[in-house]
Amino acid sequence: MPHIHGAVAAVSDAESKELVALSRAQSKLLAHSVGLGITLSNAMSTMPGFIPCGHAFSELFLGLTFSFGEATLSEVEAVTDGVCARAEHIADHRGVEQGKPFDLIAFMKTEEATAAKLAQLVASLHVLASLAERAQRLGATNNELNKAIAESLALTAQLGIASEEVAQAADKIAQLIPVALHMLQPAE
């Protein structure tokens, strides 16, 4: 991406269309990632003590990571396919209800009372998922962190949720970011 100096100018029509398509695909990915978070939470609440495998959380982490920022449309579409397949697999394999995609972006536009807290939670989830995904690739995982990401993401789809409950979830996720950073440090 070239650095822009001086006045900001709009991109070409073709680039604009690509960016709009990417934004729509990322919103769709985020909605399906919420659905996967719900599915994972359903599995964990149905079977106390059960923590899904790392592959399930890896798909969730990728979904949250690719829902924002720089990516290609084909990357976002491939991650969306993986997130959808993993949610279906968990629901079938564990006999739990599959979480439905939830358009969190549209929801935040209509929920003025909780929009700012939801945005803080989603931003923290994005950061934590990015770190957790990298840690997983290095062979490190943390069940408490994994569970908190899934449960907090599922929480975002609860209609009528109190702002205080969202704030508590955002605080919990933010407190786990140092845990994830520690997971990235090589063992001595």
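Buried means under 20% relative accessible area, exposed means over 50%, and partly exposed lies in between, with a 1.4 Å probe and protein chains only. The model is predicted: local features need pLDDT of at least 70, side-chain atom pairs count only at pLDDT 80 or more, and totals for chains, interfaces and linings use all residues. Residues are numbered from 1 along each chain as its sequence is written, and side-chain values use heavy atoms, leaving out hydrogens and water.

**View 1. Cys53 and Cys84, two cysteines in no disulfide.** A search of the whole structure finds zero disulfides (a disulfide is a pair of cysteine sulfur atoms within 2.5 Å). For Cys53, the nearest cysteine sulfur is that of Cys84, 17 Å away. For Cys84, the nearest is that of Cys53. Cys53 is partly exposed, at 41% relative accessible area. Cys84 is also partly exposed, at 25% relative accessibility.

**View 2. His32 in helix α1.** His32 has a relative accessible area of 19%, so the residue counts as buried. What does His32 contact, leaving aside its neighbours within four places in sequence? The partners are Thr80, Val83, Cys84 and Pro101 (contact means heavy atoms within 4.5 Å).

**View 3. Glu59, buried without a salt bridge.** Glu59 sits in helix α2, residues 54-66. The nearest side chain of opposite charge is Arg86, 5.0 Å away. A salt bridge needs a side-chain nitrogen of Lys or Arg within 4 Å of a carboxyl oxygen of Asp or Glu. Lys and Arg count as positive, Asp and Glu as negative; His and the chain ends are not counted. Beyond its neighbours within four places in sequence, Glu59 is in contact with Leu36, Val79, Gly82, Val83 and Arg86.

**View 4. The largest nonpolar core, with 56 residues.** Such a core is a set of buried Ala, Val, Leu, Ile, Met, Phe, Trp, Tyr and Cys residues joined through side-chain atoms within 4.5 Å. Leu40, Leu60, Leu104, Leu128, Leu145 and Ile149 have the most contacts inside it. Two or more residues come from each of α1, α2, α3 (73-94), α4 (104-110), α5 (112-137), α6 (143-155) and α7. Not counting residues up to four places away in sequence, Ile149 touches Leu60, Phe61, Leu64, Leu125, Leu128, Ala129, Ala132 and Ile173.

**View 5. Asp171 in helix α7.** The helix spans residues 163-183. Asp171 is partly exposed, at 47% relative accessibility. Its C-alpha atom is 8.8 Å from that of Ser124, 47 residues apart along the chain.

Definitions and conventions
Helices (H or I, at least four residues) and strands (E, at least two) are DSSP runs, numbered from the N terminus.
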